[in-house]
Amino acid sequence: MSVVLCATASGAAPGDTRGDKATVAVARASGESGCPVVYFDLGETLLHTADDGSTSYQPGAASYLRSLRQRHIEVGLITNVPSSWGTTDAERAAKLKEEVDATWRGPVPFAWEDFGDRILTPRAETERKPAPVLWQRAKADSGRCRVVYEAETTEEVMVASSLGFVSYQVGRPHRPAFLPVGLIELLRAPGGGVMPGG
């Protein structure tokens, strides 16, 4: 049975046509425990690439990651990079860090340390999103924890949702920029799940 809750008004974007609060559905999910892991796409979700090729945080992304860190919520990346960048996720992640750091123009460095070894990348070009492989690997790596996926593209959000992720499309007008942290914390409750509504 699902219950409809509302995010706090401070978590909703001004001018939301559905009212002052962002509506979400909270549902029971059998067999999964309350230790949410939040995975992100990288480009145009957490990072923005400018016309000159420089990179920086998307608006609100740095503070959002900080809020997750303060609440001890694990985070990861599911991102497409060339499979030729290495033979392991660690090698491809190291190359990704080099590429981003070389073009970084933000006032503070990107928080790579938050992600640890949870940076999943394609081992072959056939594994590139929207192929389901990276999400399947993320879910397997997360054990019985609930998994969240946040990205800017509708297709990726839909694929992740079909694989059992709590999915949220970032950057939509009249919605919070990211899935509110308070809603992610609801996933800590045994069997708790959050699904964006409407």
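Predicted model: local features only at pLDDT ≥ 70, side-chain atom pairs only at ≥ 80, totals over all residues.

User: Take one member. What does Leu42 touch?

Analyst: Leave out residues up to four places away in sequence. Leu42 then contacts Leu47, Leu77, Thr79, Leu96, Val100, Phe110 and Trp112.

User: How do I read a pair of aromatic rings?

Analyst: Two values describe such a pair: the distance of the centres and the angle of the planes. A pair needs centres within 6.5 Å, and planes over 60 degrees apart count as edge-to-face. The count here is 9 aromatic pairs. One of them joins Tyr57 and Trp104, with 5.2 Å centre to centre and 90° between the planes, and is edge-to-face.

User: Why does the pair of Tyr57 and Trp104 tie together separate parts of the chain?

Analyst: Tyr57 belongs to strand S5 (residues 55-57). Trp104 is in the loop between helix H2 (89-103) and strand S7 (119-120). The two parts are 47 residues apart in sequence, so the pair ties them together.

User: Are Tyr57 and Trp104 buried or exposed?

Analyst: The cut-off for buried is under 20% relative accessible area. Tyr57 has 16%, so Tyr57 counts as buried. Trp104 has 12%, so Trp104 is buried too. Ring pairs also link Tyr57 and Trp104 with Phe110, Trp112 and Phe115 into a cluster.

User: Now apply the reading to Trp135 and Tyr149. What kind of pair do they form?

Analyst: Their ring centres are 5.5 Å apart and their planes stand at 90°, so the pair is edge-to-face. Trp135 is in helix H3 (residues 133-141) and Tyr149 in strand S8 (residues 145-151). The pair links distant parts of the chain, 14 residues apart. Trp135 is buried at 0% relative accessibility. Tyr149 is buried at 0% as well.

User: How many disulfides does the whole structure have?

Analyst: A disulfide is a covalent bond between the sulfur atoms of two cysteines. The search finds 1 disulfide. Cys35 and Cys145 form the bond, with their sulfur atoms 1.9 Å apart. The angle about the S-S bond is -105°, and the link is left-handed.

User: Where do Cys35 and Cys145 lie?

Analyst: Cys35 lies in strand S3 (residues 33-40) and Cys145 in strand S8. Cys35 has a relative accessible area of 27% and is partly exposed. Cys145 is buried at 16%.

User: Last, the strands. What is the general idea, and in which sense do S6 and S7 pair?

Analyst: Side chains in a regular strand alternate between the two faces of the sheet. S6 and S7 pair in the parallel sense over 2 bridges. Strand S6 (residues 74-78) is mostly covered, with 4 of its 5 residues buried.

Methods
Residues numbered from 1 in each chain as written. Heavy atoms only, no water. Phe/Tyr/Trp six-rings, centres within 6.5 Å; stacked < 30°, edge-to-face > 60°. Buried < 20%, exposed > 50% of the residue type's maximum accessible area, 1.4 Å probe, protein only. Disulfide = S-S within 2.5 Å. Pairing = 2+ DSSP bridges. Contact = heavy atoms within 4.5 Å.
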